[in-house]
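Here is a short report on how this chain packs. Keep the structure open while reading.

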Amino acid sequence: MRNIILLISFITFSSFAQTNTEVYLFDLKTKDDKIRLENKRNISNNEGYDNQPSFLNDTALLFSSIRKNQTDIAIFDTTRSERHWFNKTKGSEYSPTKVPEDMAVSAIRLDIDGKQRLYKYNLKSGLSKILLDSLKVGYHTWFNEYIIVSSVLEDEYMSLVVSNIKDSTNYTFQKKVGRSLHKIPNSKLISYISKENDIWEIKSLDPISGTTKKIINTITGAEDMCWLINGTILMGKGNQIFKFNPKTDTNWSIFHSFEDTELGDITRMSVNAAGSLLAIVSEVSPKHTVKKLLSAYNKRDIDAFLDHCTKDVTLYNYPNYKTSNDLSSFKKFHQDQFDKVKDLNAKVSTQIIHKNYVINLEEITFANQKYQDVKIYKIVSGKVARIIYFDKFKKADTNPVEIVQKQLDAYNSRNIDAFVATYSDDIKIYNFPDQFQYEGTERLKKGYSLFFERTPDLKCEIKNRIVIGNKVIDEESLTINSKNYKALAVYEVENGKIAKVTFIQ
């Protein structure tokens, strides 16, 4: 059985919930007209917020990084693999960007008096001066040495503003725009994200004439992008980077999928002028978040434990039964365990990672007793937002793995009768956690008969499996019409048949 976010309301940087992010650098290599990513390295390697990379030149990268409880500008020298700081202000700096035709960097600074303004910093001395005093700039790029295009906070939205620092003029071109602003290679245009409509769009702007033109809709829910020198747009979502070239493509396609579990959700991206280096920002991976959470759990350190959770973290029993109402009850539940159970310990024996979910089979030690438990951790912005316990296990009356395997074999051979025979007559299909899809083998057979006919290369492989009671949790790798997919399904077996399937999207 198979089933084929960071939106910011930008008010000020002080109210922006800074997640634990890292900056990664890759070599861009071209072979057989295809561009590949090689030589991944974490160049920030710093606890906390590391973000907003942009290239100073072909071998040096600017980014914002946490230092002594404030955000400063870091420079990474790719030739020496060294990072250093060049400014020592009392405020926090964001979005560092090279100033054209000048040995200087512009950056947004949140001063200790609460004012948020765009500054220019001398690269040699680190001294700064205000560029735009009257605008609360969120993000910016340079069109030339005296024209700046910015996303400026006005009321509850950001507006696209073109500023001429030579004659001190500011002109607003559009309301409701995003944070991603870039010069389009080999043109006299700027790209920006329009949020005027429900479906966001990438548009071009001629800052001189004011002419705008739609390029393409964004990847749904994504707004961070960059341009390669050949005119290809890269845009990240989840653990994938998508590509689109306005000259040759009609829609988005996958540029790169990250299989390793070190990277989480991808946001900001930047490429150097030579097209040889790509910097991306990734949230700390769900795997690392859960690892840190369990380390604090095993130390019975409630403060460290809560530090890896969101402020609205909640406990559930599978699939969707809430057992804690707020942070206070969540804290009390764990504080009581930490205080009373001195041998408390959780050891991961099997782990499945699927998008922003981590599913653990854990060996639990609790008051001199040992038992197995399955938990689903939902990760949001690098923190645990929900912990779901498989609290009640139905004892299997038959071997659930044997039944699920028969179903898998029939699926791969596209044998519809053998496939349907593994399900109960009233089989119920859900999307996680409890979104009902349909029920009954008649509906199942109708849908999959046509699917089997149209997919001659159909193949499913089990990458990982957790079995607890009558439930089988499968991480699946699918090939469907020459394309690869991943799926995660929870099978519940009763009376020798699959009675319920829940797909975790």
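## The largest nonpolar core

This is a predicted model. Its largest nonpolar core has 27 residues. Tyr 411, Phe 419, Tyr 423, Tyr 448, Tyr 491, Ile 498 and Val 501 touch the most other members. Helix 4 supplies the largest share, five residues.

A second core, of 23 residues, is separate. Leu 293, Leu 294, Val 358 and Ile 379 are among its members. In soluble globular proteins, nonpolar side chains tend to be buried together.

## Helix 6

Which residues of helix 6 are buried? They are Thr 441, Leu 444, Tyr 448 and Phe 452. These buried residues pack against helix 4, helix 5, strand 31 and strand 32 (435–439).

The length of helix 6 checks out. It has 14 residues, so at 1.5 Å a residue it should span 20 Å. Its end C-alpha atoms are 20 Å apart, which agrees.

Strand 28 (357–366) runs antiparallel to strand 29 (369–380), with 10 bridges between them. Ile 359 has Ile 376 in strand 29 as its bridge partner.

## A buried hairpin strand

Strand 3 (50–55) is mostly covered, with six of its six residues buried. A hairpin of four residues joins strand 3 to strand 4 (60–67). The two strands pair in the antiparallel sense over four bridges. Asp 50 stands opposite Ser 65 in strand 4.

## Met 103

Where does Met 103 lie? It sits in the loop between strand 7 (92–98) and strand 8 (104–110). Its relative accessible area is 48%, so Met 103 counts as partly exposed. Beyond residues up to four places away in sequence, Met 103 touches Tyr 121, Asn 122 and Leu 123. Leu 189 is 86 residues from Met 103 along the chain, and their C-alpha atoms are separated by 23 Å.

Terms used. Residues numbered from 1 in each chain as written. Predicted model: local features only at pLDDT ≥ 70, side-chain atom pairs only at ≥ 80, totals over all residues. Heavy atoms only, no water. Core = buried A, V, L, I, M, F, W, Y, C linked by side-chain atoms within 4.5 Å. Buried < 20%, exposed > 50% of the residue type's maximum accessible area, 1.4 Å probe, protein only. Expected span 1.5 Å × (residues − 1). Contact = heavy atoms within 4.5 Å. Pairing = 2+ DSSP bridges.
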